[in-house]
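Dear colleague,

Please find below the structure that I am handing over to you.

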Amino acid sequence: MSNTSSGLPVGRGLLYLIITGAAWGTAGAAGSLVYRTSDLGPFALSFWRCALGLALLLAGRLLRPRTGGIGGTAPVRPSRRAVTRVLATGVALAVFQTAYFAAVASTGLAVATVVTLGAGPVLIALGARLLLGERLGAGGAAAVAGALAGLAVLTLGGSAATVRPAGVLLAVVSAAGYGAMTLLTRWWGRDGGGDTAGTTVGAFAVTSLCLLPFAAHEGLLPHTAHPVRLLCLLLYIAAVPTALAYAFYFAGAAVVRSATVSVIMLLEPVTAAVLAVLLLGERLTAATAAGTLLMLGAVAGLAVSEARASGRPEPSVV
């Protein structure tokens, strides 16, 4: 398996992204339990997720001062380029999360999820072709189409979803933030990667500051009859689907083609659907099974294609 300019093998980057997608999917189930345990709102939950995740990432860097973390290099004094990278990534992440929660409030979870995660791969594929010169190819386009079809079946199958234009627009804005975050990570990764762990820490600091006003308006401090359970849930959300998953995400997204990244991240709704059936008592439907199989097939196909392409010199660049 060949290495990229950042030094991380593409195969390991794919593994990091698969772990990320699965970990992100657990956040929804954990968030549902948080809502059942307390009166914490979505913006406040997102803020605490980022703020506590930031604290864990900083603690990890302090414990390992001589390493740059996953896919990174030794810490160096931040340059203007590094500061620009952190600010751009943090703002894109904040737009992604905040606009998505607003879309859910406006048009419902199902439509917001389909539009955000469905528009994301399309915007990323177009942006990667125009800005990075990455060609998806016929097989890749078919895989993206299959993944989007699976997403629609998984999320909308059997539901009485209501489509509201304002919510759809917010979901598209969220998808644009997600696309910008992915494309920027890939763009900088092709120039040598840099300190991806440092970028992750900085991005979370920026995102936390962006989310703070929304969270403060909603109510930062929760009321709960089960404070220990709530604290454990918040620490899990901050540790696994946030600090660990985003460290893996930024490292993997720097070395894997952007469109492939966006499709692998569709493992998030697959994991969430499986956990909803296994842990939250939701019923397994034909739509859930069919959508899951379509999306897993698309993810597997693109992952194999990416691994094979990594053995050839820049096959996706014209």
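Met181 counts as buried, because its relative accessibility is 0%. The structure is a predicted model, and this residue has its place in helix H6. Leaving out residues up to four places away in sequence, Met181 touches Thr89, Ala92, Leu93, Phe96, Tyr249 and Phe250. A further relation concerns Arg85: 96 residues separate Met181 from Arg85 in sequence, while their C-alpha atoms are 10.0 Å apart in space.

Arg186 is also found in helix H6, which covers residues 165-190. Is Arg186 buried or exposed? Arg186 counts as buried, since its relative accessibility is 8% and the cut-off for buried is under 20%. A polar atom of the Arg186 side chain lies 3.4 Å from the backbone oxygen of Val255.

With a relative accessible area of 55%, Leu169 is exposed, because exposed requires a value over 50%. Leu169 belongs to a nonpolar surface patch of about 300 Å², which it makes together with Val91, Val95 and Val173. Which helices each supply at least two residues of this patch? They are helix H3, covering residues 80-107, and helix H6.

**Two threonines**

Thr98 lies in helix H3. Its relative accessibility is 12%, and Thr98 therefore counts as buried. The side chain of Thr98 has a polar atom 2.8 Å from the backbone oxygen of Ala94. Beyond residues up to four places away in sequence, Thr98 touches Phe43, Leu211 and Phe214. Gly177 is 79 residues from Thr98 along the chain, and the C-alpha atoms of the two are separated by 9.7 Å.

Thr200 has its place in helix H7, which is made of residues 196-218. Thr200 is buried, because its relative accessible area is 1%. Not counting residues up to four places away in sequence, Thr200 touches Leu57, Tyr246, Ala247 and Phe250. Phe250 is also among the residues that Met181 touches.

**A position in helix H10**

Ala272 is located in helix H10, covering residues 267-278.

**The chain as a whole**

How many helices and strands does the protein chain have? There are 11 helices and 0 strands, and the pattern read along the sequence is accordingly α-α-α-α-α-α-α-α-α-α-α. The chain has 318 residues, of which 50% count as buried. When contacts between residues at least 6 apart in sequence are considered, 89% join residues at least 24 apart. The accessible surface of the chain comes to about 14200 Å², and carbon and sulfur atoms account for 69% of that surface.

**Confidence**

The average pLDDT of the protein chain is 80, and 81% of the residues score at least 70. Where does pLDDT stay under 50? This applies over residues 313-318, for which the model has 11 contacts beyond four places in sequence. 

Yours sincerely

Methods:
Residues are numbered from 1 along each chain as its sequence is written. Side-chain values use heavy atoms; hydrogens and water are left out. Helices (H or I, at least four residues) and strands (E, at least two) are DSSP runs, numbered from the N terminus. Buried means under 20% relative accessible area, exposed over 50%, partly exposed in between (1.4 Å probe, protein chains only). Contact means heavy atoms within 4.5 Å. Accessible areas come from the Shrake-Rupley method with a 1.4 Å probe; for residues, only the protein chains shown count as cover. A polar contact is a pair of N or O atoms within 3.5 Å; within protein, one must be able to donate a hydrogen and the other to accept it, and residues adjacent in sequence count only if both atoms are side-chain atoms. Patches are made of residues with over 30% relative accessible area and no salt bridge: like charges are joined within 9 Å, nonpolar side chains (Val, Leu, Ile, Met, Phe, Trp, Tyr) within 5 Å. A salt bridge is a side-chain nitrogen of Lys or Arg within 4 Å of a carboxyl oxygen of Asp or Glu. pLDDT is the predictor's confidence in each residue, from 0 to 100.
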